[in-house]
Amino acid sequence: MLSHLLKATGVGADDNGNKKMKSEKIKGTVVLMKKNVLDFNDFQASFLDGFHELLGKRVSLQLISAQHGDTGKQDMMKQQSSCFPFMFVWGWIRGRNFTSNGLQGKLGKPAYLENWISTETSVAAGESRFSVDVDWEEEIGTPGAILIKNNHHSEFYLKTVTLEHVPGHGRIHFVCNSWVYPDKKYEKDRVFFTNKTYLPHEMPETLRKYREEELKALRGNGEGELQEWDRVYDYAYYNDLGDPDKDPEYARPVLGGSAKYPYPRRGRTGRPPTKSDPNTESRIPLLLSLNIYVPRDERFGHLKMSDFLAYALKSIVQFIVPELEDLTDGTRNEFDSFEDVLELYYGGVKLPSGPLLDNLIKNIPFEMLKEIFRTDGANLLQYPVPQVIQDSKTAWRTDEEFAREMLAGVDPVIIRLLEEFPPKSKLDPKVYGNQNSAITKEHIEHNLEGLTVEEALSGNRLFILNHHDTLMPYLRRINSTTTKTYASRTVLFLRDDGTLKPLAIELSLPHPNGDIFGAVSKVYTPAEHGVEGSIWQLAKAYVAVNDSGVHQLISHWLNTHAAIEPFVIATNRQLSVVHPIYKLLHPHFRDTMNINAFARQILINGGGILELTVFPAKYAMEMSSVIYKDWNLLDQALTTDLKKRGVAVDDKNSPNGLRLLIKDYPYAVDGLEIWFAIEKWVRDYCLFYYKTDEMVQQDPELQAWWKELREEGHGDKKNEPWWPKMQTREELIDSCTIIIWVASALHAAVNFGQYPYAGYLPNRPTISRRFMPEQGTSEYAELESNPDKVFLKTITAQLQTLLGISLIEILSRHSTDEVYLGQRDTPDWTSDEPPLAAFEEFGKRLSVIEKRIVEMNKDDQLKNRVGPVNVPYTLLYPTSEGGLTGKGIPNSVSI
C-alpha cells in the first residue's frame, strides 16, 4: 500500500517499498575571517587551530532541508500516531508535520572545510576562501539553512556560504556575518538561513523550530554575567556609570526604572553589584575597556577597531592625566592668547615625559604609533586644522557666523520660531518663581530693519535659541562646581537676505535668596568695539557653552545613541534574521551597542571625559534623564520636529507639502530631501511584504517586537499615549522611517561636524569658569586692557581643551570600512528582486541629492550654506571617504 502511495505521488521506491534517493556532490564556497588575522596575528590561535585540524577536529557544514522533515523524528511520531496511519503517511510524503510546528528539517551529512592550514588569507581584507564538497541527497531537496560546527580551538568570523548548482534550484546564498565560537561554548547548534525573506507564517514548516530556537538563544535567560561568546541581547538600567567603591565622589544615580530618573535601556552585561551599593553595577578596569560585554556580533569589525584604537590613543588622557597636568602647567592651565590656541594645530604640543606614558607607548603596536606621533623624536601631539579656521582665523567671531551655526552647524536642531514676546517660561512658578524673559522692545526694536516687534512676530521673522528652562533647575548645583555659567535666551531676526541677526542675549541666574524668587537676569545687545564689544563676545561664548552641553548630552547622546539602543536589542530578540523588518533595520544598528558600551566605560561615566569637558559636570547624565521625560518617538520625525519648533508649516503648494519659514536652513533643506528619500524606500519595501493592515496585526514577531520596545526598551515611557499601536502599514512605515532617520541622518548631522566646528574650542567652548565681569572690578579692568586673555580665562581651560578636542576628533572620523546610507555590506542581503530594485532606486535618489547639495553650496544667494568662515554645508551629503571629512551619512550610530 505504501509503495503504491509513493508512486502515485511521484516518489520513487524499490520493490520492497523503500525510497530510492538520488545523491550527488555539490560545490560550495565559504568565506570567513580567521581569529589570528583579526587579533594582531595571534599565532597561538593559528597554531592550535592547525593542530586541531590534524586531529580531525575540523569545521563542518550540514544542509538543513526546507522541504522535508527529519525522518528519524517522523518514525517516532509514526509509532505515536498508529491510529492515524493514512494521515501520517500523507503528512510524511508532503514533508510536513501535521500535529505540531515542532518538526525540524532533514539534516544532511557533515561536509568539512578543506585546506584550513594551507589556505592563504587576503592581506587587504583578512578574508579566507574555502572550498567545500557537500553531499546533496534528494531527501534534502532545497536547503533552507545550514548548521555550522566549529571544532577548533578558537573562533572565526563567518561571512558567507554559497552553494552552486543545487539540483532544481541552482545557486543558494547564505549571508552569515557572525562570529562562530568553538562548538563547546554553545548550548544550541549554530544555524544560518538562506538569504530568503519570510514573514513568520510563510516560513517553511521544517525551518520554523530553528527560527524559534535561534531567537530563544539570543534572548538568553536573564541570569549571570555574560561572556564574550554569549550572543545574548538583554536589557539593563544605566546603573554602571558610578563607581562608589572607588570613592563616594564617583557615586551616580541609577538612570532608568524610576519616575525621578527615567531613561532608555542599555544592553545587559550581568556584572555583579558594587560592594558599596547593591543597585550599582561594578565596573571593569579602564585598561580592559575594550573587553566590555556586548554580543560578539555587535563588536567593531577589525578595520573599524584598528582605526578606533589608532585615534583613540590620542585620547589616552585618562591614563596620563598627571602627565598632561604637567604639560599644561597645573599652576595656571591657561592659554595666554589666541596664538597659543592656534599653536595646537600649526605647531603641536610636546608630549610630557613620564613612566605611565612611556609604558603606554611600549605597549602600542608600532603601526599605530605612526598614526599618532611624529617619529622624529620630538613627540609632538598635533591636531588637524578645523575647517572653521582654515579660511579665516577670525570669521568665527562674527555675529552672522554665530547665528548661521544654529542653522548649519553641529547643533541645528534647537532654534525655533519665537511666537510670543517677551519669551515666557514653562517652569512651574510655584517652584521657580517668575522665570519669564527680561528682554524688552527697547532692547531689540531699533535693530528690526524698520519693523515693530509686533510686525516681526506676525511676519515670522523672530527666532530664539532657548537654553533657559532646560538649565535653570540645575543651575544652582552646576555653579557649585568649578563651572560658572548662566541659563540663556538668544533672540534673532530673519533678515531679507535669509541670514539671521542676533538681537539680544539674556543671561540668567537663580535668585540668591531661593528659587521661589525667580531669576536674576541681564540682557546684552550687539556691540563691536570697546569694552561693550568684548562683553558681547563673552555673552555669545556663554550661549555657545550652553549649546555645546545641550548638544552633547541631548541632541547627540540622548536623542541618537541612547534612544536607538533599545531598538537594537528588541530587533535582535524578537525579529528573526529572515524577517523583512529585521533585514530593513539591521544595517542601521551596526556598531551602536559597542560604541555605547565604550561611552559608558570612559565617556559618560562618573569622572569620565564628558564630565570633565562639559559644563554640567557631575550632573550631566542626570540632567539628560530629566530631559528624557519629554522624549516622544514621533517627535523624532524630521517633519514633526520642524513643525513643532515652528520653523516649518504645512503647505500643499510646497514640495512634499511642507514650507520652511527660513528658506535657507541647510540642515532642514538637505534633511527633508533625505527624510523623504528614506520614507519612499521604507514604503516601497514594507508594502511589498505587507499587502494589508491585517498582515501587520497578525505578524506575531512584529507585534512582540513593538510590545517589547514599548514595555521594556523604553519602559519608562510605556504608558505614553503617543505610541503607535502598530496596527496598520502606515504606522509600520512611519516608525521604521523614524528609526532609520535617527540612526543615520540625524546622528550624522549632529556628530560629524564636531571637529570641523568645535575642534577650535573658542568657537564652541564647552565650559565657562568665571561669571561676566562687573563694572568696577579688577576683572572688568582686565577686560578693558586685555579682552582676549579674559575671554580665554573664562572659557575651557588648557587641559580640558586637549581632552575635548582629542575626543571630538575621534568622534568626527569615519572608519575606512564605513557603510553609508543607500549602501549594504553585501549585495545578496535578500533574494527578493522588487526590494533589491527599490533599494537601488533609493541609492540613485541619494546620488541626485548629493549633486544638488554641491550645486546649492555654490549658490551665492544661499548665504547660510557657506557663511563667513567659508565652510560648505556637507553634513548631510550621503557618502564620504574615511577620515575627518565633515560629510557622509553612515547607516548607523557607529561612532
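Trainee: Which residues lie nearest the centre of the second largest pocket?

Mentor: Arg416, Asn466, Thr470, Asp630 and Lys644 do, out of 40 lining residues. Before we go on: this is a predicted model, where local features need pLDDT of at least 70 and side-chain atom pairs count only at pLDDT 80 or more, while totals for chains, interfaces and linings use all residues. Residues are numbered from 1 along each chain as its sequence is written, and side-chain values use heavy atoms, leaving out hydrogens and water.

Trainee: What makes something a pocket, and what makes a residue part of its lining?

Mentor: On a 1 Å grid over the protein atoms alone, a pocket is an open set of points with protein on both sides within 12 Å along at least five of seven lines, and a lining residue has an atom within 4 Å of a point. Among the elements here, H17 gives the most to the lining, with 5 residues.

Trainee: Next one: why is Thr485 called buried?

Mentor: Buried means under 20% relative accessible area (1.4 Å probe, protein chains only). Thr485 has 0%, so it counts as buried. Thr485 sits in the loop between helix H16 (472-478) and strand S16 (487-494). Helices (H or I, at least four residues) and strands (E, at least two) are DSSP runs, numbered from the N terminus.

Trainee: What about Thr197: buried or exposed?

Mentor: Thr197 has a relative accessible area of 8%, so Thr197 is buried. Thr197 is also in a loop, between strand S9 (190-193) and helix H6 (205-219).

Trainee: What makes the link between the side chains of Thr197 and Thr830 a polar contact?

Mentor: You need a pair of N or O atoms within 3.5 Å; within protein, one must be able to donate a hydrogen and the other to accept it, and residues adjacent in sequence count only if both atoms are side-chain atoms. Thr197 and Thr830 have theirs at 2.9 Å. Thr197 has another with the side chain of Lys583, at 3.3 Å. Over at Thr485, the partner is the side chain of Ser768, at 3.2 Å.

Trainee: How do you know that strand S1 (residues 23-34) pairs with S5?

Mentor: Two strands pair if DSSP finds at least two bridges between them. S1 and S5 are joined by 10 bridges and run antiparallel, so they meet the definition. Ser23, for one, stands opposite Glu137 in S5. Both strands belong to an open sheet of 4 strands, in the order S5-S1-S7-S8.

Conventions. Buried means under 20% relative accessible area, exposed over 50%, partly exposed in between (1.4 Å probe, protein chains only). On a 1 Å grid over the protein atoms alone, a cavity is a set of points where a 1.4 Å probe fits but cannot get out, and a pocket is an open set with protein on both sides within 12 Å along at least five of seven lines; lining residues have an atom within 4 Å of a point.
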